[in-house]
Amino acid sequence: MTKKILLGSYTRRESQGIYTIDLNNQILENLSLLIKEDNPTYLDTTDNYLYSVTKDGEKGGISAYTRNPDGNLTFINKVTAVGAPPCYVAVDNKRQLVYGANYHQGILKSYRILKDGGIELADTIQHEGTGPHENQDGPHAHYIDLTPDHRLAACDLGNDTVYTYDVSDDGHLTEAASFNAQPGCGPRHLIFHPNKEIAYLFGELSSDVFVLRYDKSTGAFTQLQAISTLPEDYNDFNGGAAIRISKDGKFVYVSNRGHNSIAVFKTDNQGEQLSLIQHISVEGDFPRDFNLSPDETHIVVANQNSDNLTLFSRDTESGKLTLLQKDVYAPEVVCVKFV
């Protein structure tokens with residue numbers, strides 16, 4: 001059965017916007033430009049709509065599209081403001097909200113979804129603070145998404161903080177708790193274990209995964225473990241990027257930009273402990289994003305700087321990956337989403 005993949009990208013060199021590609025019989029094929037858009041670097045969808053990062057001249061924000069039955073998109077509206085665009089977008093179906101995290105400005109925004117699928121601004125949160133790393137000269141919000149109990153978790157790479165927010169039905173955010181991560185680690189992305197009590201935080205600057213316990217009564221995180229995503233003998237540049245978990249909670253996957261690998265971890269003790277079981281080359285440069293197929297038998301990796309996708313098969317018992325296909329042209333892709 002053919003699986004459809006949406007690809008978000010930068011449009012600095014060859015890319016023209018949002019692309020699609022098919023995964024069919026263990027082959028990636030049929031790359032196609034879905035719609036022209038300036039720097040659609042992150043995407044999220046509902047059954048009927050797509051929300052994308054957008055750049056509009058000196059402004060940045062989020063665009064809303066209708067997903068048509070034929071697979072094409074119809075533009076609805078965009079909400080932008082002066083400054084750089086956000087780097088992360090997430091949809092809250094329950095409250096009919098969209099969230100955005102803005103790295104360059106250190107801000108979070110929430111948007112209400114209107115009856116036609118368009119959006120309007122609901123709230124803005126400005127982070128403050130710095131960190132010890134040279135890339136931490138100010139707040140750099142990099143992630144905002146739902147917790148299992150429908151709060152929001154937000155990672156700020158610039159001030160080494162993970163925030164938890166309560167959200168009103170009309171989209172207003174109120175800070176409930178904050179977790180001070182290891183200084184200089186640069187919190188980038190966060191995922192939750194299926195048991196809803198354990199989360200995994202990826203530090204972009206330190207290339208560590210931090211195992212956290214989540215207290216749903218308060219929204220607070222506490223650290224249980226830190227583990228490197230790199231081989232002990234690797235000393236060159238690396239920037240942590242994406243982190244994913246299998247639906248059964250047995251395996252965690254991360255991408256290393258620099259080492260140019262996927263690191264595979266198995267979980268133990270109800271998710272409280274990680275151990276490294278595999279490094280595998282992504283056969284490209286700068287794997288900013290990747291994702292598991294819906295049946296979790298494959299992983300597709302997007303290599304931003306080398307303009308290629310890499311396809312791996314995934315052993316659902318061992319969690320390990322095997323290379324199937326490389327050098328699949330896809331320009332400047334930095335977001336991979338199966339739909």
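Residues are called buried under 20% relative accessible area, exposed over 50%, and partly exposed in between, with a 1.4 Å probe and protein chains only. The structure is a predicted model, in which local features need pLDDT of at least 70 and side-chain atom pairs count only at pLDDT 80 or more, whereas totals for chains, interfaces and linings use all residues. Residues are numbered from 1 along each chain as its sequence is written, and side-chain values use heavy atoms, with hydrogens and water left out.

View 1. Helices (H or I, at least four residues) and strands (E, at least two) are DSSP runs, numbered from the N terminus. The C-alpha atoms fill a box of roughly 50 × 45 × 35 Å along the principal axes. Of the 339 residues, 59% are buried. The accessible surface, computed by the Shrake-Rupley method with a 1.4 Å probe, comes to about 13600 Å², of which 44% belongs to carbon and sulfur atoms.

**View 2. The strands β24-β25-β26-β27 form, in that order, an open sheet with antiparallel pairing.** Its edge strands, each pairing on one side only, are β24 (287-292) and β27 (321-329). On average, neighbouring strands of this sheet are turned by 20 degrees against each other, direction ignored. Here axes are lines fitted to C-alpha atoms, and angles run from 0 to 180 degrees between N-to-C directions. Two strands pair if DSSP finds at least two bridges between them; β25 (residues 298-303) and the antiparallel β26 (residues 308-314) are joined by 6. H298 stands opposite S313 in β26.

**View 3. E296 lies in the loop between β24 and β25.** Although E296 is not a glycine, its phi is positive, at about 60 degrees. Most residues other than glycine have a negative phi. E296 is buried, with a relative accessible area of 10%.

View 4. Strand β21 (residues 251-257) pairs with β22 in the antiparallel sense over 6 bridges. Within β22, I262 is the residue opposite S255.

**View 5. N269 is placed in the loop between β22 (261-268) and β23 (273-281).** N269 has a positive phi of about 55 degrees although it is not a glycine. N269 is partly exposed, with a relative accessible area of 46%.

**View 6. R151 occupies the loop between β12 (141-146) and β13 (152-156).** R151 is buried, with a relative accessible area of 13%. Its side chain makes a polar contact with the side chain of D149 at 2.8 Å, and a polar contact of 3.4 Å joins the side chains of R151 and Y214. A polar contact is a pair of N or O atoms within 3.5 Å; within protein, one must be able to donate a hydrogen and the other to accept it, and residues adjacent in sequence count only if both atoms are side-chain atoms. Leaving aside neighbours within four places in sequence, the residues in contact with R151 include D145, T164, D166, Y214 and K216, where contact means heavy atoms within 4.5 Å.
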